[in-house]
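Subject: Structure for your files, with notes

Hello,

The structure we spoke about is below. My notes on what was found in it follow.

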Amino acid sequence: MRIGFIGAGKMAEAMISALLRRQAVAPDHLMAIDIDPERLSQMGRQFSIRTAADPNEALRFATVLILAVKPQQLPDLLKSLAPTMTADRLVISIAAGKPLAFYETAWPAARMVRVMPNVACLVGEAMSVFALGRNATAADRETVEFLLGCFGKFCALSESHFDVVTALSGSGPAFLAYLAERLAAAAEENGLPADSARLLTAQTLLGTARLLLDGVYPSPRALMDAVTSARGTTAAGRQILESSDVGEVLRQTIRAATLRSQELSRPPS
Ligand SMILES: NC(=O)c1ccc[n+]([C@@H]2O[C@H](COP(=O)([O-])OP(=O)(O)OC[C@H]3O[C@@H](n4cnc5c(N)ncnc54)[C@H](OP(=O)(O)O)[C@@H]3O)[C@@H](O)[C@H]2O)c1
């Protein structure tokens with residue numbers, strides 16, 4: 001498998017580092033394309049992979065093409081590659097808010113797969129969701145599952161869920177990082193040194209995630225109840241938390257991100 005990344009930004013870097021760490025692909029089977037020459041030489045130095053400025057180079061090189069540019073950069077890119085885009089390679093797009101129909105209209109022959117990953121592929125703990133396009137084959141599905149498995153966990157979902165998926169797992173690391181920042185700051189206010197506050201917060205997030213993922217508790221509610229004793233410290237904290245509007249704020253956070261993804265999905269009027 002030879003993989004070409006069009007767009008060598010944060011997400012491409014996270015995916016390339018995951019693939020190399022897992023030894024899923026040899027460095028000379030990876031190519032990064034970007035319009036920024038500085039960025040390309042940095043990626044070349046960091047990973048010893050091939051680099052090029054022209055997206056057509058990636059088309060010639062790759063059996064799997066990963067589109068990792070910003071959504072607003074896609075229309076021009078799709079137009080420029082339309083004359084040469086055949087069914088010869090699998091094309092995976094990770095762009096937020098762009099439906100499969102957007103690519104399949106511009107590139108009717110392309111074997112497309114839409115993926116929503118997240119930045120945790122940097123540490124092999126991504127949550128990725130994928131939807132196959134109309135020309136994608138069973139072998140393409142296997143390839144996508146293999147690649148997403150290198151980044152972390154994955155599942156297939158109907159494309160109709162992608163806006164809320166984008167809000168929850170795509171943007172989610174930023175929301176949880178905000179909560180981590182606030183929790184650590186609150187601990188500092190109560191006298192804990194900053195570096196200890198950051199460590200305790202991050203490891204507590206990780207441990208909580210593990211308990212839920214491993215099914216030690218069947219639901220977040222069951223975990224909450226298991227660690228809460230009557231009139232204890234957790235009960236005192238929960239009393240504040242659950243009588244506040246945090247639940248409503250989080251509801252609005254996911255709603256706003258979902259609506260923004262829907263907006264990005266609509267063709268410009
Ligand atoms: N960041 C996340 O957590 C996340 C999560 C899920 C999905 N995504 C999706 O992943 C995609 C990439 O996000 P990112 O955060 O990695 O963005 P990014 O850091 O801005 O990377 C995009 C890169 O592509 C370059 N580029 C733009 N047009 C190009 C072209 N025609 N040919 C080659 N390279 C081009 C950009 O250069 P310039 O900077 O010079 O424009 C930039 O270096 C986006 O579509 C986003 O929706 C991101």
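Two residues count as being in contact when they have heavy atoms within 4.5 Å of each other. By that rule, 5 residues of domain 1 are in contact with 4 residues of domain 2. Please keep in mind that this is a predicted model.

Overall layout

The protein is divided into domain 1, residues 3-158, and domain 2, residues 172-264. Taken over C-alpha atoms, the centres of domain 1 and domain 2 are 32 Å apart. The C-alpha trace of the protein spans about 70 × 40 × 35 Å along its principal axes. Its secondary structure consists of 12 helices and 8 strands.

The protein has 269 residues, and 36% of them count as buried. The accessible surface comes to about 14800 Å², with 59% of that belonging to carbon and sulfur atoms. If you take the contacts between residues at least 6 apart in sequence, 62% of them join residues at least 24 apart.

The second largest pocket

This pocket holds about 1100 Å³ of space. Its lining is made up of 37 residues, and those nearest its centre are Met11, Ala68, Val69, Lys70 and Pro71. Two or more lining residues come from each of helix H1 (10-21), helix H4 (74-81), helix H7 (162-170), helix H8 (172-189) and helix H12 (246-265). H12 gives the largest share of the lining of this pocket, 4 residues.

Which domains supply the lining of the second largest pocket? Domain 1 and domain 2 each give at least three residues to it. Sorted by class, the lining of the second largest pocket has 22 nonpolar, 9 polar and 6 charged residues.

The cavity

The structure holds 1 cavity of 30 Å³ or more. The largest cavity has a volume of about 40 Å³. Its lining consists of Met15, Ile66, Ile92, Ile94, Val115, Leu147, Leu148 and Phe151. By class, that makes 8 nonpolar residues, with no polar and no charged ones. Helix H6, residues 138-151, gives the largest share of the lining of the largest cavity, 3 residues.

Leucine 147

Leucine 147 is one of the residues lining the largest cavity, and it lies in helix H6. Is leucine 147 buried or exposed? Its relative accessibility is 2%, so leucine 147 counts as buried, the cut-off for buried being under 20%. Leaving out residues up to four places away in sequence, leucine 147 touches Met1, Ile3, Leu19, Val64 and Ile92. Among these, Ile92 also lines the largest cavity. The C-alpha atoms of leucine 147 and serine 171 are separated by 21 Å, and the two residues are 24 apart along the chain.

Serine 244

Serine 244 sits in the loop between helix H11 (233-242) and H12. Why does serine 244 count as partly exposed? Its relative accessibility is 33%, and partly exposed covers values between the 20% limit for buried and the 50% limit for exposed. Serine 244 and methionine 31 are 213 residues apart along the chain, and their C-alpha atoms are separated by 50 Å.

Regards

Methods
Residues numbered from 1 in each chain as written. Predicted model: local features only at pLDDT ≥ 70, side-chain atom pairs only at ≥ 80, totals over all residues. Heavy atoms only, no water. 1 Å grid on protein atoms, 1.4 Å probe; cavity = no way out; pocket = protein on both sides within 12 Å on 5 of 7 lines; lining within 4 Å. Points joined across faces, edges and corners; volume = space filled by probe spheres on them. Nonpolar A, V, L, I, M, F, W, Y, C, P; charged D, E, K, R; others polar. Buried < 20%, exposed > 50% of the residue type's maximum accessible area, 1.4 Å probe, protein only. Areas by Shrake-Rupley, 256 points an atom, 1.4 Å probe, with all protein chains shown as cover. Domains from an automatic or database assignment.
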